[in-house]
Amino acid sequence: MREKVTILAIESSCDDTSAAVLQEGRVLSNCTANQEMHRQYGGVVPEVASRAHQVNIIPVVEQALRQAGVSKEALSAVAFTRGPGLMGSLLVGTSFAKAVALSLEIPLIEVNHMQAHVLAHFIEEPKPTFPFLCLTVSGGHTQIVEVRSTSEMEVLGQTLDDAAGEAFDKAGKLLGLGYPAGPLIDRWAQQGRPRFAFPEAHVPGLNFSFSGLKTAFLYFLREQTAADPHFIEKNLADLCASVQSAIVSVLLKTLQRAARQTGISEVALAGGVSANAELRRRFEELGQREGWNTYVPAFEYCTDNAAMVGMAAYFKYLRGEFCGQEVAPYTRGFQP
Ligand code: KG4
Ligand code: ZN
């Protein structure tokens, strides 16, 4: 009988150091060290992030192995996020994974971070059936992907400037909220009404643009606070509800167009912004109206995590897709 396929996966593309152990595609552990120190800078500082990965990676990997009850010797392969992401951050995970593969003499599997977000849908039930559409929305990415199989994916549209999470974070900064502002806007918006409207960007195809919204919001706040210096504090909940509604509307309108154009009715959300309560609610409502089957992974598999990297790596393992020690990270792109 063959041994169970046991994979150690590492994710270090941005500011989270994460390690997971999967056996036969089942998650045994998924451990993440968040880097809280970026809050004080109002965003991720690449240099600080890579140093923190260097500090965190061994403890996180040891914790993942311990929680899974798996010894290093039992590993069949080691996987890592090769890109896209911050170069200094990616280098830590890549070099670490290479060292593990060399010392244990096991295969090395490189994973594309965006494909991993999509394949997070295969960690738990219910799983989408092929082909499905996946809207991946996070601090670094906003894209609609047509997923034909675990290896064939096509980006149908993506942001031409800011990512959806970045739009939340930048709007929050203008409102004087902390970083990351997405969850704070989500919370404030629950007590507010979206009574301020902002012009929508007209973008070709199934692409997105959020920089116009940010500028419109900035000018609107400037104008209003010139007339009333307490405008923001008096209207914070409504401002949050308004900017959130504008972002969610653009995301869902474009997703609806993608589903109608492709005729695909299996539709999924992924990425950190899919934690947003209004996005989830309106996604489900839209899905019901349009006759979609909708999928949203558990929150721990929506934000950056190594379990999704392990899932993507498991499919590659089954296809025999390994890489050599010469492999180098890349900062952009959906495919290597
Ligand atoms: O996937 P993720 O953890 O990391 C990246 O790959 O970027 O996403 C983080 C982003 C941040 O921009 C954060 O503000 C946003 O997701 N976010 C939210 C919510 N929770 C996280 N945005 C809106 N509403 C939320 N509840
Ligand atoms: Zn991500």
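View 1. His113 and His117 are both buried, where buried means under 20% relative accessible area, exposed means over 50%, and partly exposed is in between (1.4 Å probe, protein chains only). A quick note before going on: this is a predicted model, in which local features need pLDDT of at least 70 and side-chain atom pairs count only at pLDDT 80 or more, while totals for chains, interfaces and linings use all residues. Residues are numbered from 1 along each chain as its sequence is written, chains are lettered from A and ligands numbered from 1 in the order in which they are written, and side-chain values use heavy atoms, with hydrogens and water left out.

What are the protein donors of the zinc ion (ligand 2)? They are His113 (NE2), His117 (NE2) and Asp304 (OD), sitting 2.1 to 2.2 Å from the ion. Donors here are N, O and S atoms within 2.8 Å of the metal (3.2 Å for Na, K and Ca), and water is not among the atoms, so sites may look incomplete. Along the chain, the donors of this zinc ion have the spacing H-x3-H-x186-D. His113 and His117 are four residues apart in helix α3 (residues 113-119), so about one helical turn separates them. Helices (H or I, at least four residues) and strands (E, at least two) are DSSP runs, numbered from the N terminus.

**View 2. The angles around the zinc ion.** The four donor atoms of the zinc ion (ligand 2) make angles of 80 to 137°, and the site is irregular. Four donors count as tetrahedral if all angles lie between 85 and 135 degrees; four count as square planar and six as octahedral if opposite donors are over 155 degrees apart and all others between 65 and 115; anything else is irregular.

**View 3. The largest cavity.** There is one cavity of 30 Å³ or more in the structure. About how much space lies in the largest cavity? The answer is about 50 Å³. On a 1 Å grid over the protein atoms alone, a cavity is a set of points where a 1.4 Å probe fits but cannot get out, and a pocket is an open set with protein on both sides within 12 Å along at least five of seven lines; lining residues have an atom within 4 Å of a point. Grid points are joined across faces, edges and corners, and a volume is the space filled by probe spheres set on the points.

Among the residues lining the largest cavity are Glu110, Gln115, Ala312 and Arg319. β5 (108-112), α3 and α10 (306-319) each give at least two residues to this lining.

**View 4. The second largest pocket.** This pocket has a volume of about 330 Å³. Its lining includes residues from α6 (211-227) and α7 (231-262), the elements that give two or more. In total 22 residues line the pocket, and Glu200, Ala201, Ala246, Val250 and Lys253 lie nearest its centre. Helix α7 gives the most to the lining, with eight residues.

**View 5. The largest nonpolar core.** This core has 46 residues, and Leu175, Leu239 and Leu251 have the most contacts inside it. The largest share, 16 residues, comes from α7. A nonpolar core is a set of buried Ala, Val, Leu, Ile, Met, Phe, Trp, Tyr and Cys residues joined through side-chain atoms within 4.5 Å. Elsewhere in helix α7 you can look for Val243, which counts as buried because its relative accessibility is 1%.

**View 6. Two cis peptide bonds.** The peptide bond from Gly83 to Pro84 is cis, with omega near -5°. Pro84 is in the loop between β4 (77-83) and α2 (87-104). Tyr179 and Pro180 are also joined by a cis peptide bond, with omega about -10°, and Pro180 is in the loop between α4 and α5.

**View 7. Two glutamates with positive phi.** Glu24 has phi near 50°, a positive value in a residue other than glycine. Glu24 is found in the loop between β2 (17-23) and β3, and counts as partly exposed because its relative accessibility is 30%. For Glu105, phi is near 55°. Glu105 is in the loop between α2 and β5, and counts as exposed because its relative accessibility is 73%.
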